[in-house]
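Look at the fold one piece at a time, beginning with the sheets and ending with a pair of helices.

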Amino acid sequence: MEIPQIIPAAIEVITVSGLQKAFDGVPVLNNLELKLHKGENLVVLGRSGSGKSVLIKTIAGLLPQDKGLVMVMGKDMKNLRGKDLEQLRLRIGFSFQSSALYDSMTVRENLEFALVRNKKKLTRKEIDEAVIKVLTDVQLLESIEKMPSELSGGQTKRVGVARALVLQPDIMLYDEPTSGLDPLTAMEINKLILKVQKEYNTSSIIITHDLTCARDTGNRIAVLSGGIIIKQGTFLEVFSSDDAMIKGFYNYNFINKQ
Amino acid sequence: MDKKLTKNTAGTIQTLANDFFTGVYKVYNFTLLAVKEAFLPPYEWREIVRQCYEVGCKTLPLISLTGFITGIVFTKQSRPSLSEFGATSWLPSLVSIAVIRALAPLVTSLIMAGKVGSSIGAELGSMRVSEQIDAMEITATNPFKFLVVSRVLACALMLPLLVLYSGAVSLLGSYINIHSNELISYRAFLEDAFSKISFLDLFSSFIKSAFYGFTIGITSCYKGYNSAKGTVGVGSAANQAVVYSMVAVFLEETVVVQFINSFLR
C-alpha cells in the first residue's frame, strides 16, 4: 500500500488551541494544540489512556472542554447550542471504537435513522438510494437487512463508517478504527479510510495506536503523550525521533512482531 | 477516640445528605426536561407506539396471571372472617373495593416496575455503555426525546389501561371463587361488586396509575440513561431502576391515599 504524502497546509477545518480536560481533578489533556487541514488525514497516535478518545469526543462536542479553544469549520464549539450545534454535527461523521450500532435496528434502519430525522425533504426513494450507495461503497450491500449481532467485527466497523458517511460529512473522526481486528481486516479498513478521503472529500482525524494504520492512512501523524502533542510530521519524520516512547512504539509494532 | 468517631460519623452523614439532595435535584431536572421535551416537536410517534406495545402487550400475560390469582386469593382469605359474622354476601363488594381502590393499581405498578423498569434500565444502560446514545447525539438526533420521552409516555399511558384490565381479571377470579362456593350468579356478583364503587374510585385509580406509570418511566430511564460505565454499571442500573421505582410507587400510594381520604371522600 502506498504511503500517503503530506498535504500542503490549506484551510484549517479544525483548530484546537490550549485545550484542557480533566476528570475528577486528574488532567488528561493539558494545553493541547492541534490543527486539521482541509482534505488531509491526521492520525493521532498515543498509548491507551493518553486521552486520544477524549480529544475527538471533545472536538465533536460529546464532552465539554474545561479550558481552551476548539474551532470546527470556523465555529467555536464552546458557544454552540441547540440548532447551531446540530447543524455543525451534521457535517461531522464519527466512527466509534465499538461501532455503536443501534442493536435493535437492522443495518438499513441504522443508516436511515439520522437521514429521516435530519434530511426531511428527501423522498423515500432518495433515502433508499443514499443508503444503498454508502453500503455499496463499504461493500456491505448484501447485509442491508441484517441485525448488527449478525455481523463480524470488520463488517460492524464498516457499517459504522457507512452510517457516518450517509449524512455526507465534511469531517470524519475515527476512534480506533482497526482495534480488535485481524491484520487483513484491518488493512481493508485502512483502504476504506483512504477511499472515504478520496471519494467523499473528507478531512479526517484518526485515533489509533496501530502503527500500520497510522502509516497507511495518515498524511500527517501527531503523537499524544502526557496530554500534549509531543511530535508532529510525516510518518518518517515522527519515527526518526529519539523520543523513548516513540521509539518504543515503533519497535513494538515493527520489530518485535516480526 | 470518641471525638474522632463522632467526626467521622458526622462526615459520613454529611456526604450521604449531600449525595441524596444532589440526586433529588438531578432527578427533578431530568423530569422537567422530559415534560418539556414531550410537548416540543418533533414528536417520535412511531417510537412511542412501539414502546406502548413493548410496555403494554408484553406485560399482559404476567398481569393476567397475577390479577386472576390476586382475585381468587383475596376472596378465599376474606371468606372465613366474613363468615364469622354471617356476612359472606358482602364478599363481592369487599373484593371490588379492595381491588379497584388499592390492589389493582399497586400490584400492576409493582409488576410493571419489575418487568418494564428493569428492561428500560438495562437497555438504556447498555446503550450508554456501548456509546449508542453518543452516536445518536453526534448524528444530530435528540437521544433524550427518542429514548426517554417515548418510554416515559408509554409507561404513563399504558399503566392505567393495564390497571383497569388487571381489576377486571381480579374480579373474574373472585367471581369464579364465589360462584363455586356461594353459587351466586354473575349478574348478582356484578351488581354487588359495583354497588359500593363510585366514579371517584375508578377515576382516582385511573389517574394515580398514570402518575405511577410516569414515575416508573422516569426512574427507570434516569437510572439507565445515567448508567455508569461497564457491565457492573448496566446491572446496577437495571437493579436500581426496579428498587427505586417500587419505593417511589409505595411512597406515592401513601400520599395519594391520604389525599383522597382527606379531601375527596
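Predicted model: local features only at pLDDT ≥ 70, side-chain atom pairs only at ≥ 80, totals over all residues.

Residues are numbered from 1 along each chain as its sequence is written, and chains are lettered from A and ligands numbered from 1 in the order in which they are written.

Strands of a sheet pair through backbone hydrogen bonds, either parallel or antiparallel. Here helices (H or I, at least four residues) and strands (E, at least two) are DSSP runs, numbered from the N terminus. Two strands pair if DSSP finds at least two bridges between them.

In chain A, an open sheet of 4 strands has the order 2-1-4-5, with antiparallel pairing. Strand 2 and strand 5 (75-76) of chain A are at its edges, each with a single partner strand, so one side of each has no neighbour in the sheet. Strand 1 (residues 12-23) and strand 4 (residues 67-72) of chain A are joined by 5 bridges, and A:Val16 is opposite A:Val70 of strand 4.

A:Asn30 belongs to strand 2 (residues 26-37) of chain A. Why is A:Asn30 partly exposed? A:Asn30 has 16 other C-beta atoms within 10 Å; the class lies between buried (20 or more) and exposed (12 or fewer), with C-beta atoms placed from the backbone. Beyond four places in sequence, A:Asn30 contacts A:Gln20, A:Gly226, A:Gly227 and A:Ile228, where contact means that C-beta atoms, placed from the backbone, lie within 7 Å.

Chain A also has an open sheet of 6 strands in the order 6-7-8-3-9-10, with mixed pairing. Its edge strands are strand 6 (92-95) and strand 10 (228-233) of chain A. Strand 6 runs parallel to strand 7 (residues 171-175) of chain A, and 4 bridges join them. Helix 5 (residues 153-165) of chain A packs on this sheet, touching strand 6 and strand 7, and its direction makes about 170° with that of strand 6. Such angles run from 0 to 180 degrees between N-to-C directions, with axes as lines fitted to C-alpha atoms, for helices over the stretch in contact.

The axes of helix 3 (residues 60-84) and helix 4 (residues 91-129) of chain B come within 10 Å and cross at roughly 145°. Among the residues making the contact are B:Phe74 of helix 3 and B:Val99 of helix 4.

Technical notes:
Contact = placed C-beta atoms within 7 Å.
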